[in-house]
Amino acid sequence: MRYISTRGGIEPLQFQDAVMMGLARDGGLLLPQTLPTVDTEVLDRWQHLPYQYLAREILSLFIDDIPQADLEDLIERAYASFAHPQVTPVTKRGDVYILELFHGPTLAFKDVALQLLGNLFEYVLARTGGFMNILGATSGDTGSAAIAGVRGKNKINIFILHPHGRTSPIQALQMTTVLDPNVFNIAVRGTFDDAQSIVKAIFNDLDFRDRYRLGAVNSINWARVLAQVVYYVYAYLKLRKLGSGSVDFSVPTGNFGDIFAGYVAKTLLPAGCIHTLILATNANDILARFVSQGDYSRGQVQATSSPSMDIQIASNFERYLYYLRGEDGAAVKADMEGFAATGKLDLSAFTARVAQDFRSRAVSEEETIATIGAFHREHGYLLDPHTAVGVKAALDLREPSRPVVCLATAHPAKFGEAVTRAIGSEPPLPLALADLANRESRCVVLDAEVETVKEFVARNGLQ
Ligand SMILES: Cc1ncc(COP(=O)(O)O)c(C=O)c1O
Ligand SMILES: N[C@@H](CCOP(=O)(O)O)C(=O)O
């Protein structure tokens, strides 16, 4: 398997090089040259596999430059840190299935990929020698999961930008109370979009990137998306075992990484196994407008009770666009340059095609809080606000004849304020979060400027 750029400007790469490159050097995103597919006989074989074995089977379709035994070891160690033996269990509540993705060390779905990615970086560096400086942007969850994946690792420093005061207090503490000397938290005075565009601008300075050997932990890194494909297939197989041949998924969406993994899973499985991907947004609804009307136009970022989805520029959208544009890198490049200049893309010509993959719903604040409250009352199950956005969309858009699986992307205790508003009391804090507020924390606050951040990385980065 080789990897190419959505903008067509690089030579095909092997998987390990793709992981280390992160953002393609032509400014695009990396994708497999062809998306693999499997048939129902393969599904019969996969049907009863534990999560780790299924992960090995799926990852092997995309990776041919890591020996099987090494890949097995990387996977085994990644998921040993999860609190649930099934890694991502599925439970049924009322009319929907819930795919719980929050049993990793930082209690959000990001752990599924970032525990693996931390091990992959270490594995590649052990073979190639040298060092790396990871540079990432977070609206709250990627940051702590990435830090947990690489804290204390040799030859790796990590710099994480988060929007100052715009994550939940617990999300901020999960990052800033990690005091390992290789961890640097930067709160930028701006939004997540500002932080993400600074990170991309720094990656696009190729001299700087090469000098500091920058690595990416955001879902611009293909390994992030790949690891997330596994839980869609795992959940699908669980429902197949119960007799459902065709399933929908509802995905709370911000940066389009998780739902793009769903698209890869949909393509991987035989036609119809994954019928529809329900794209659920909060008030930051650019992606919902894209699905319903082909209107991909940026608005002002609005602060909501699901802060990790307070995003207007969804970096992974470019990967889906590549397929919409018939795998034409030049067309994608022109689109993305147009969007960067005007903040708009008219994709209304594609709405019929998009409807074959996605349906969408933007969920308001009131609906989010009401959904947490109602689900708790009716099913005794506490949703976090991001998951509630997905559940509300699923309840509104589901087809009664087809099961729908809602991705539970974070633990409710990370968002105490929203949960308290919904149910009238604080969610109980799991052990991992219990004493965060009493710990020492470390973070610098910087202006949202490329040069300021570069200067900080240059001063503190490995060289
Ligand atoms: C809890 C939670 N839910 C949903 C999302 C949205 O996922 P994505 O950005 O991959 O669309 C995020 C952020 O990524 C998140 O942290
Ligand atoms: N919601 C994310 C935003 C970054 O997304 P990523 O999947 O590209 O890392 C977060 O929690 O930081």
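This is a predicted model: local features need pLDDT of at least 70, side-chain atom pairs count only at pLDDT 80 or more; totals for chains, interfaces and linings use all residues.
Seventeen residues, written here as 17, surround ligand 1, and the closest of them are Asp141, Asn255, Gly257, Ser308 and Thr409. Helix H11, residues 257-268, supplies the largest share of the shell around ligand 1, namely three residues.

Let me turn to the second ligand. Ligand 2 is surrounded by 13 residues, with Thr138, Asp141, Thr142, Asn218 and Ser219 as the closest.

Next, the annotation. An unreviewed UniProt entry places a domain named "Threonine synthase N-terminal" at residues 2-79. In the model, that stretch is 49% helix and 8% strand, and its end C-alpha atoms are 26 Å apart. The record, again an unreviewed entry, also places a domain named "Tryptophan synthase beta chain-like PALP" at residues 95-345. Over residues 95-345 the chain is 47% helix and 19% strand, with 36 Å between the end C-alpha atoms.

I now move to a pair of helices. Two packed helices are described by the angle between their axes and the distance between the axes. Helix H16, residues 365-379, packs against helix H17, residues 385-397, at an angle of about 90°, and the axes are 8 Å apart. How are H16 and H17 oriented to each other? Angles of 65 to 115 degrees count as roughly perpendicular, and H16 and H17 are therefore roughly perpendicular to each other. On the H16 side, the contact is made by Glu367, Thr368, Thr371, Ile372 and Phe375. H17 contributes Pro385, Ala388, Val389, Val391 and Lys392. The residues of this contact divide into six nonpolar, two polar and two charged.

Finally, a word on confidence. The protein averages a pLDDT of 97, and 100% of the residues score at least 70. The model scores are ipTM 0.99 and pTM 0.97.

Conventions
Residues are numbered from 1 along each chain as its sequence is written. Chains are lettered from A and ligands numbered from 1 in the order in which they are written. Axes are lines fitted to C-alpha atoms, for helices over the stretch in contact, and angles run from 0 to 180 degrees between N-to-C directions. Helices (H or I, at least four residues) and strands (E, at least two) are DSSP runs, numbered from the N terminus. Angles under 35 degrees count as roughly parallel, over 145 as roughly antiparallel, 65 to 115 as roughly perpendicular and the rest as oblique. Two residues are in contact if their C-beta atoms, placed from the backbone, lie within 7 Å. Ala, Val, Leu, Ile, Met, Phe, Trp, Tyr, Cys and Pro count as nonpolar, Asp, Glu, Lys and Arg as charged, and the others, Gly among them, as polar. A residue is near a molecule or strand if its C-beta atom, placed from the backbone, lies within 6 Å of it. pLDDT is the predictor's confidence in each residue, from 0 to 100. UniProt positions are given in the numbering used here, feature names are shortened, and annotations may be inferred rather than shown by experiment.
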